[in-house]
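Thanks for coming. I will go through one structure today, starting with the interface and then moving to some local features.

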Amino acid sequence: MSKWDGVNECYVPGPQITIDPSVKLHTVADAEIDPVTYEVIRSSLWNINAEAGEIITRVSGSPIAQYAHDLNTVLLTEDAEYLYTGPYNLNLAVVIDLAVKWILEFRSTDPGIAEGDIFLSTDPFVGASHVTDTVMASPIFVDGEIFGWAASSFHQYDMGGSAPGGYSPDARDRFEEADPIPPVKIVEGEGRVRRDLLEWYLRKSRTPELLELDLRSQIAGCNYSKTRVLSLVEAYGAGTVKAAMRKILDDGERAFVKRLEHVPEGRWSCRGYLESAEPGDREVYTTVLNIHKQEGRLVIDQEGTSPQTGVLSISYAAWRAGVMAPLVRLLCDDTIYALGGALRRLEFKPLAGSLMCASHPAATGNPGIGICQAGSLATVALSRMLSTVEDPDQDIFATAGTSIYPISALTGVDAAGNYFGTIHMEPMAGGLGAFRDGDGQDTGGTVYDALALAPNVEYSEQYFPILFLYRRELPGSGGAGRFRGGNSGVFAYMPHRAEVIDHYTATSGMAVPTSLGLWGGHPGATNRDLVRRGTDVEERLRSGTIPQRLDELSGETEYVPPKERDVLQHPSDVWEVRWAAGGGFGDPLERAPEAVLHDVLNESLEAEDSAALYGVVIADGALDEAATASRRDEMRTARLAGREGEAPPVATGEAIVHLGPTLSLLRDGAAVTLACRSCGADLGPLAGWKERAIVLTESVEAANPEIDEPSVYVDAPIEFHTYHCRGCGRSLDSEVTAGLDSPLDDIAIGAESSDSASIE
Amino acid sequence: MSYVCGVDIGGTFTDAVVLDEGGRIHLGKRSSTPPNFEQGFFDALEAAGEAAGVTLARLLADTTHLLHGTTVATNLMVQMNGAKVGLITTRGHRDVLPMMRSIGRVRGRSVEEIVRLSASRKPTPIVPRSMIEEVDERIDSKGEIVVELDEEGAQAAIRRLHEAGAEAFAISFLWSFINPVHELRVRRLVEEIAPGAFVTTSSELVPKWGEYERTAAVAINAFVGPATADYLNRMSRRLSELGYARPLYLVESAGGVLPADSAAKDPLLLLGSGPVGGVTAAAQLESAKEFGDIIVTDMGGTSFDVGLVVDGRPRYANTSIVNQYEYFIPIVDVESIGSGGGSIIWIDSVSGGMRVGPRSAGARPGPACYGRGGGEPTISDANLVLGYLNPEFFLGGVLDLDVGAAVAALESVGVPLGMSAEEAAVAATRIVNHQMADLIRKLTIERGFHPRDFSIFSCGGAAGLHAMEYTALLGSPRAVVPLGDTASVWSALGAASCDLLYVRERSLIRMAPFDRAELAESFGDLEASARERLLEDGVAGEDIEVTRFADMKYGGQVNSVSTPVGSGAIDAALLERLGDDFEAAYERLYGKGTGHRKAGIEMTEIRIRAIGRQPKPELARELRSDPSPPEDAMVGTRRAWDMVGSAFVDFDVWRGSQLRAGNIVQGPAIVELAETTVVVHGVDRLTVDEFGNFVCEREDQR
């Protein structure tokens, strides 16, 4: 028995799973399927699965489903390969195959798997994103054999534990959170819900009625998918439908391999940081993601990631789901998320006991931190890897905003005596990361939820005793670059018809930006919660003006730490939330001056930042072309002033690969060297190239007007480095580091460089 | 002789119907004439008059009601050439429109565009940020004024927008639907500073909860306002020159008609009204009554639209999406996909499989067989190659179809897949039939209905070719080509059959038990305002019919259900019944045991629909005669593909205009009409009923 069995270590299925012989799988598929029947069955399967998600949303009536889209539905083959996931939250979808494989391995003997059964699980160590996400999975039987699985995963408002809603800022281990449920057979035979298990399940929650409705909605979703798949089987025959299922997977795999065809063998890495493992903690922790391209497959590991600590850890299932969200967006967009084929070509190698693959008994209740971080690292590593593919149809993008979800919960009792509790949903409107050929969309959504939705102010004010002073997009919050990151936003509110509001925070990305740029692009804004204490806001409103900035108010501003409990807000206190914005792409000095002017005129960028970040001079609403040219010259000259010695010679040889828009690898005989794509300067070997470049280092708040001094939150220095060509001064790449970390050798090309740690 | 006329302007054709006192229907179909659509309007009307044997002047002089479906507002949105709008919002909330609640990036886009991050962006703003002004004022969720309106600030804002060239003003403040006082005051200020400018407020247009959707509505209303008003003025002027002195009525998306002056004030109500007339016709016309609940489908050149008629009434939706902007006004619930005669057949490079649409060849270049330079194969080419379309009798012989071009185009996708042109045509037809069935399934099953309980009406030029196939896929008992050839101008007939309709609504967010007096007063206000307007329009008191609705949901839940509030005084018994009705409706829609009673019942909105009944001419009927059609109605045979038998066989070809009530046509047969063609496969049979409906049934479904 592998140690990766979902008990002390997270469940990581081996290449073969052992299933009790009493359970039979339907594996016989027609050898051929005509293309029309295939197209009909394929689109039916997509629709069935998407409609099951609609049904769950409707039956539950849950605001979490409707507004946060925190659910997903999947259809799986008999042995738990993905056919389709729905267009909802990917972070919740790409865990379910693990749960189903675990059920096949560990539940097929006792209590067995039979027609009409539905299993329920909330165990992140098995296959759930976190302990308030309920996975329900139902086998679809044809002639006594498991033909496939219909399943869903759905975030519940509350499953118990010390923090309402489950995002505990201070759980020391999993025993201080809601307790996870390994798969249990909650529905047995044709639709009979086990009353004992149901009551045990509902007993855990502060909101048992909602939990029950959601449970029933997931049962309805499973049943819908099951019925529709069986009607396809009836219409076309099991062998034909199975052939279509096989073809979806085979096509998906082939498409994935084709997308990787022009990617050289090599390794691409990204390093990011999380701060503050518990209230009062001022430490910074490291997370790393390495992607190795090896012969038509990707091997993904987390070597270099810090050991698990506090509330920062997530399970293997959650890490893998986080990685898969951008991977699906970047590489499975042409198969509408048919990621099963891609997964055949992916190998995940976790590091037991790390922040990204916790061991028992670590707390794993804050996926808004860890899953998001895994996704952000994967976005950068994959986009760097795909930068070698010079096809405009291949998307690449910098990290999207809301790169760590700024969980900021408010609870209390309003003036009418009613309990309230919520987390802000505004950050669903993340600024998207910049693309290789265009800006990230302002307040455009998230990578992991294709249909991200922010609430109306009138929704929040109706149900919670607060009054918004403002809610707006934040100029300049998107990372600067040749193409800039999408702007995020900011909002502020005061208590209204409540004496006090009790807040807790459970987030990261306040000290260290988590929306990283690409190829010289700057990071997007950080998360921030501020509270202005003892203000004159009430008098100001009475006198007829609505304050639009905290510093227009009297009183003192406090920075709220990333993990804190019981921060109280009284009627004269104004609370402001800023959420992370998208990362930029490329050197800001290469941004078209007209685009900068447009941003300033459109109030997407403050005029003062146009000169500082972009070298673009705007006077009286018009572009000063001469002043811009000379300002940009000055900035380039200043970069070159950091150069020691002479300009390097021009590299010779044939380009074997373009690493991205700024760098190429050239081969001249046996020698391989890195070259600047602008001036051709020879930058020496790839390994360690950053240390030989002109390095400009500033404290990170210089990179973006909406990043604060990190010393507010953490002790370690957080720095932003840009690496410049020693020939022409062009910005070749950029990086954020914490503490004394040296630059990361984040690209290695060639088969020998792609060795990776192996899983025990 | 007096007449009721309906005119519907579509992208390709403008259709007119003239109903005479004898209940006879006369058709006119002419090309649409953008950008001066009124030309096509009068051309089509003249043609229908000709069919009725009267001149245009005579027709208009004797017309009692002229009803019109127009896409003028829709076109302004599609082409984004509306007015320069100045928007005024609450201080601190200027970005409500640009943020679009984030979802505006993908709302209304196809799944392929949704999954690829770079494939969808927010639309071109209707109002750029530089034309949005904030004003100090604030009202809270209870309607109480937290910050007084800064009148000087408001005046300065209006002046700045006016000087910046605003042609229309939109005003949207937070919580204005609870307390409109600030919006109404600012409207006055606009009228003083910019007299004559188009001005619209969110509390008057859509007094509903949700500031983004309210702001989007008011901004769009202002954007399409001036040009729509112009169009309606030009039209009214021309009509009065031609001797028509009565009001012109416009089809609104809520499923009725508005007089031109109301439509000019709130042109938003016309957006998306294109497919609405057809659904209304199916709900209104006597000739449709015997078919029970109806799925109304309309297949034209570029799209396939579906709506439902349940219990004699169209099904409504509360959300509209236009250019990815979303707003809340009740509309006839119509879903569309890009499956039409012009849909392009192509090969997906990933799966190597065949796909159809959503791209369309449109009217230009059109399908390959039109011979207008379109080289890509389309569904119309497939229908030609399969023998369903008559190359010499397309649109009654107006256009000759090029079979060779269709074959060549189909081979271009067929050969790489190892298929002949015919095999490719069969494959593409099967795919498009499934797409249409899937859309119908979505519209019914997701809303708690099953298609087997519905008859399917197949309207539009292309529907009769596919009707029996998607009907069979859904297990529905019958496909009906309503009133034969009239099905091809069904929307125009729909316009002619619309009643005057005013929808009045307001948000009223209250937990049960509800305050009886407050509810009675609120409904009373809405009803009085609509009744007054209908009387002004000349509707007699006895022709006014008011129905009341309350939108309710369970506390803390999101599904709201529009529940009819019975007629009569609002008393305790009525309120109790209202709660029970809500719970029953909730369970019917969302399933047994889904009601979350412990959380209590919350009302969110109340609404009335006030109808001014319009006279409906009785449609002519013909007594059923012999089941055997007249011999001379059959004009020959044609080799065509039998979908059920999977073979080319000889189909009898019938002139549809010569079929009589009671005639039965056994498949395989093709019934040709001037504007449409009905395919009757081997296992199908077609019956003509006394109204002239072509009713098709399949052997195993009968």
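Ten salt bridges are found across the interface of chain B and chain A. Please keep in mind that this is a predicted model. One of those salt bridges pairs the side chain of B:Arg116 with that of A:Asp395, at 2.9 Å from N to O. Polar contacts across the interface of chain B and chain A come to 38 residue pairs, with both residues at pLDDT 80 or more.

Which elements of chain B supply the side that touches chain A? Those giving two or more residues are α4 (96–99), α5 (111–115), β8 (145–147), α9 (211–241), β22 (354–360), α14 (421–445) and α18 (572–590), each of chain B. The top contributor to that side is α14(B), with eight residues. Sorted by class, the side of chain B that touches chain A has 30 charged, 27 nonpolar and 15 polar residues.

Now the extent of the interface. The size of an interface is often given as the accessible area lost when the parts come together. Here, chain B and chain A bury about 6,900 Å² between them, and carbon and sulfur atoms give 52% of that area. On the chain B side, the residues that lose the most area to chain A are B:Arg101, B:Val115 and B:Leu117; together they give 11% of what that side buries. Counted as contacts, 72 residues of chain B meet 87 residues of chain A.

Next, salt bridges in general. Over all chains, the structure holds 100 of them. An example from chain A is A:Glu576 with A:Arg528, whose side chains meet at 3.2 Å, N to O. What does this pair link? It connects distant parts of the chain: A:Glu576 sits in strand β20 (residues 574–578) of chain A, A:Arg528 sits in strand β17 (residues 528–533) of chain A, and the two residues are 48 apart.

On to helix packing, also in chain A. Helix α6 (residues 208–236) and helix α7 (residues 238–260) of chain A pack with their axes 6 Å apart, at an angle of about 120°. The two helices, α6(A) and α7(A), are therefore oblique to each other. From α6(A), the contact uses A:Leu232, A:Val233 and A:Tyr236; from α7(A), it uses A:Ala238, A:Thr240 and A:Val241. By class, that contact has five nonpolar residues, one polar residue and no charged ones.

Last, the backbone. Where are the cis peptide bonds I want to show? One runs from A:Asp110 to A:Pro111, with omega near 10°. A:Pro111 is in the loop between α4 (96–106) and β3 (118–121) of chain A. Another cis bond joins B:Ala512 to B:Pro513, with omega about 5°. The loop holding B:Pro513 runs between β25 (500–511) and α17 (516–536) of chain B.

There is also B:Met80, which is not a glycine but has a positive phi of about 50°. B:Met80 lies in the loop between α3 (72–79) and β5 (85–90) of chain B.

That is the end of my list.

Definitions and conventions: Residues are numbered from 1 along each chain as its sequence is written. Chains are lettered from A and ligands numbered from 1 in the order in which they are written. This is a predicted model: local features need pLDDT of at least 70, side-chain atom pairs count only at pLDDT 80 or more; totals for chains, interfaces and linings use all residues. Side-chain values use heavy atoms; hydrogens and water are left out. Contact means heavy atoms within 4.5 Å. Buried area is the accessible area (1.4 Å probe) that two parts lose on being put together, summed over both. A salt bridge is a side-chain nitrogen of Lys or Arg within 4 Å of a carboxyl oxygen of Asp or Glu. A polar contact is a pair of N or O atoms within 3.5 Å; within protein, one must be able to donate a hydrogen and the other to accept it, and residues adjacent in sequence count only if both atoms are side-chain atoms. Helices (H or I, at least four residues) and strands (E, at least two) are DSSP runs, numbered from the N terminus. Ala, Val, Leu, Ile, Met, Phe, Trp, Tyr, Cys and Pro count as nonpolar, Asp, Glu, Lys and Arg as charged, and the others, Gly among them, as polar. Axes are lines fitted to C-alpha atoms, for helices over the stretch in contact, and angles run from 0 to 180 degrees between N-to-C directions. Angles under 35 degrees count as roughly parallel, over 145 as roughly antiparallel, 65 to 115 as roughly perpendicular and the rest as oblique.
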